[in-house]
Amino acid sequence: MGVVTNVLDDKNAMVLVKRHSSCENCNACKMGREEKTLEVEAINRAQAQVGQNVTVDLEHQNVLKAAFIIYLIPLVTLIFTVAITITIFDNELISALVGFISMAIVFLVIKKNEHKFKDNEEYIPVITEIIETE
C-alpha cells in the first residue's frame, strides 16, 4: 500500500510506499533496514491521482527472476570459473583471481543491460487499485 505523490504522465506515477514486515530481510528494492518509506515509480493502471491511497503490486515471480539475475548468475559464474581454472592451472590464487574477474565482467554486463530491465514492465511495480479511505 502507498500514497500517490506525483502523476508523471498518463501511464506512470510516483508512489510513497511504507516498508512492512515482509521487507525486513529482503532489501531487493534498496530500501534498507532504517528507512521507513521509499518513493517508487509505478505503472498507473488504476488512474490514481495525487494523494490517493493505492495498492502497489509486483509479481512474486518477477522479483525472483530479478534476484536470480542479480545474485545467482554472478555467483554461478564465480564458482564455475574457479572450478574450471583450478583444474587447468592447479593454482588457487590464479583460480580465485580469474573467478572474481569473470564475476566482475558479469556484473558489468548486467549493469550495461540494466535499462532493458527498467523499461520492461515485468519488473516495474503496478498500481492495481485505489483504496478508499473513510
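Okay, housekeeping. Residues are numbered from 1 along each chain as its sequence is written, and side-chain values use heavy atoms, with hydrogens and water left out. Since we're looking at a prediction, local features need pLDDT of at least 70 and side-chain atom pairs pLDDT 80 or more, while totals for chains, interfaces and linings use all residues.

So, the overall layout. The protein chain has three helices and five strands, where helices are DSSP runs of H or I with at least four residues, strands are runs of E with at least two, and numbering starts at the N terminus. The order is β-β-β-β-α-α-α-β. Of the 134 residues, 28% are buried, meaning under 20% relative accessible area with a 1.4 Å probe, protein chains only.

Now, E2, residues 12-18. Why call E2 largely enclosed by the rest of the structure? Because five of its seven residues are buried.

One residue I'd point at is Asn 44, in E3. Asn 44 is buried, at 3% relative accessible area. Beyond its neighbours within four places in sequence, Asn 44 contacts Val 7, Lys 11, Asn 12, Ala 13 and Ile 127, contact being heavy atoms within 4.5 Å.

How values were computed:
Buried means under 20% relative accessible area, exposed over 50%, partly exposed in between (1.4 Å probe, protein chains only).
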